[in-house]
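Here is a short report on the overall build of one chain and its meeting with another. Have a look at the model first, then read on.

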Amino acid sequence: MTVELGTARAIQAAVARGDVSAREVARDALERADARSDLGAFLHLDEDRVLAAADRVDTARSKGLTLGALAGVPVAIKDNLCERGVPTTCASRILQGFESFYDAHALTRLGAAGGVSFGRANMDEFAMGSSGENSSVKPTLNPWDRSRVPGGSSSGSAVAVASGIVPLSLGSDTGGSIRQPAAFCGVVGLKPTWGRVSRRGLVAFASSLDQIGPFAVDVKDAALAFEAIAGHDPDDSTSSNRGVPSLDASLAAAEQSGMKGLRVGVPEESSAEGLDPEVARATERALALLEAAGAQLVPVSLPLLPWAIDTYYVIASAEASSNLARFDGVRYGWRCEDAKGVVDLLERTRTLGFGPEVRRRIMLGTWVLSAGYFDAYYGQAQRVRTKFRQDFERAFSLCDVILTPTTPSPAFRLGERIDDPLSMYLADIFTIPANLAGLPAMSVPVAHSSGGLPIGVQLVADAFEEPRLFQAAAVLERERGPLPALGR
Amino acid sequence: MDKDTLRHTARLARLNLDLLPEEEVEELASQMQRIVAHVDRLREVDTAGVAATSQPHALVLSLRPDEPSRPPGPDAILAGAPARDEEHFLVPRVVGEDESS
């Protein structure tokens, strides 16, 4: 039997009614994962463990317990979210064989909602990359065209959902690592407000930018996942203690009143040079659809957009060089054994344990923090970051959400940019500003290119304004109509 | 960024470029030069009088309830170590090692 239930909502409802068991849902997802293993979406998938988690949901149901909003829904987990009892490797050699002794807070919350943790999703090593090619294990392939990248760094999480293996997954987004692969793969990807979701158990890359978020087949499922994982965690003092609003009202408003009363900001800089014409057309169409649904379009300005990449790479790399100092061959994972003394042990383990992109970023981060360069680079980037925040403050005094392309182009070819880090970094130009300012942002699929590749647009809202983000996203999703389905 | 700066920076980061093939070091050097030239554009932005941002939102200091809890013991923490000796992380000999740095 094959359970083609589509959305997480449909699965939860069917499991709750008893039309299907969580075990059957899990077994079918495992079969799909096996049939589509060539995509490279998973680094580790423990069948017995998945089925055992599903059985716990079925047992709860048989006892008449109240089932959570994600009961029986298989959820793929990015390999940088700590999970007890399975490897957590960040797709890096240096964490080969490492097992965390605790679960990330987001996973605990997911489990409490009845979600079934489903395998360790492939990624760019330590979440550094925009193509999935920096995984030390294997690249992930784009299910729409296997010669193309799925985007990154949450490559496996995006592909697991896009290829229909699971309806939901968790990723992390430091400069676009959820939204960019979501756009490349034709799924919904949400980066919540910085502080909305506890980062405890997320292996730190750049702590002031990192945020955990879901991939989903549609906006309503993304809302379910958001509600499940958001909220204060006493063990992460940077997680916000603001209450998490239910998104039901926003989704209902989207259905009843569309975009009436909402203003959509259109940054003049987002039609920058180098934007793929099909992406530009899809973005214009999305704006027209929102306007037709009642939105007022308002010009806004993000004048520093051309410096986004520079600001980001200085700050993210500086924080990464500090965060990744803990990987020393002493406390975690892999150690290079043939070392002479402690310093040699550190250097050998780190040089041979990290891949080229991670080494590059550690080098850049160390350099911008070193004596003589600190203020000119790191200090300056932090000041430019303030200006990004101020520009968004100004923009959100004029509008409720901002719409931009998610990426300058659809998915590029495997190998095309791997030797040219700067061109790879440019894939994140539209997504980075929301990380710099800590804002919630979502990529919603809106079109397909003439070559059959998905195109997404990004909505950005002010801090902690996820309800508005979801309202606009739900309207856009409805108005854009059905998109081509992936051929099996 | 010249070769000396590259090697010095690597040392600060506890990376040893001598362990990499020469062509990989060459490539790293040219990539770093281009990346540094790119981020150098940040100087163009006028930031006079602008304060630095180190995290996006102001944080409210939150204290957890003062209730006793049991932290994971040494066994849990040491389980992930590549080498241990009972309750200690094991490292190569430190005293008398033949190492100038």
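What follows covers the fold, the surface and the interface of this predicted model.

**Chain A as a whole**

Let us start with the secondary structure: chain A holds 16 helices and 11 strands. Its radius of gyration is 21 Å, close to the 23 Å that the globule rule gives for 488 residues, so chain A is as compact as a globular protein of that length. Taken along the principal axes, a box of roughly 65 × 55 × 45 Å is filled by the C-alpha atoms of chain A.

Of the 488 residues in chain A, 68% are buried. Among the contacts in chain A with a separation of 6 or more, 76% come from residues 24 or more positions apart.

**Surface and charge**

How far apart are the mean positions of the positive and negative charges of chain A? They lie 2 Å apart, with 49 positive and 58 negative charges counted.

| Surface | Area | Carbon and sulfur share |
|---|---|---|
| Buried between chain B and chain A | about 5,700 Å² | 65% |

**Where the chains meet**

The interface brings 58 residues of chain B into contact with 66 residues of chain A. Which residues of chain B lose the most area to chain A? They are L42(B), T53(B) and P56(B), which together account for 12% of what the chain B side buries.

How values were computed. Residues are numbered from 1 along each chain as its sequence is written. Chains are lettered from A and ligands numbered from 1 in the order in which they are written. This is a predicted model: local features need pLDDT of at least 70, side-chain atom pairs count only at pLDDT 80 or more; totals for chains, interfaces and linings use all residues. Side-chain values use heavy atoms; hydrogens and water are left out. Helices (H or I, at least four residues) and strands (E, at least two) are DSSP runs, numbered from the N terminus. The radius of gyration is taken over C-alpha atoms; the globule rule is 2.2 Å times the number of residues to the power 0.38. Buried means under 20% relative accessible area, exposed over 50%, partly exposed in between (1.4 Å probe, protein chains only). Contact means heavy atoms within 4.5 Å. Lys and Arg count as positive and Asp and Glu as negative; His and the chain ends are not counted. The place of a charge is taken as NZ of Lys, CZ of Arg, CG of Asp or CD of Glu. Buried area is the accessible area (1.4 Å probe) that two parts lose on being put together, summed over both.
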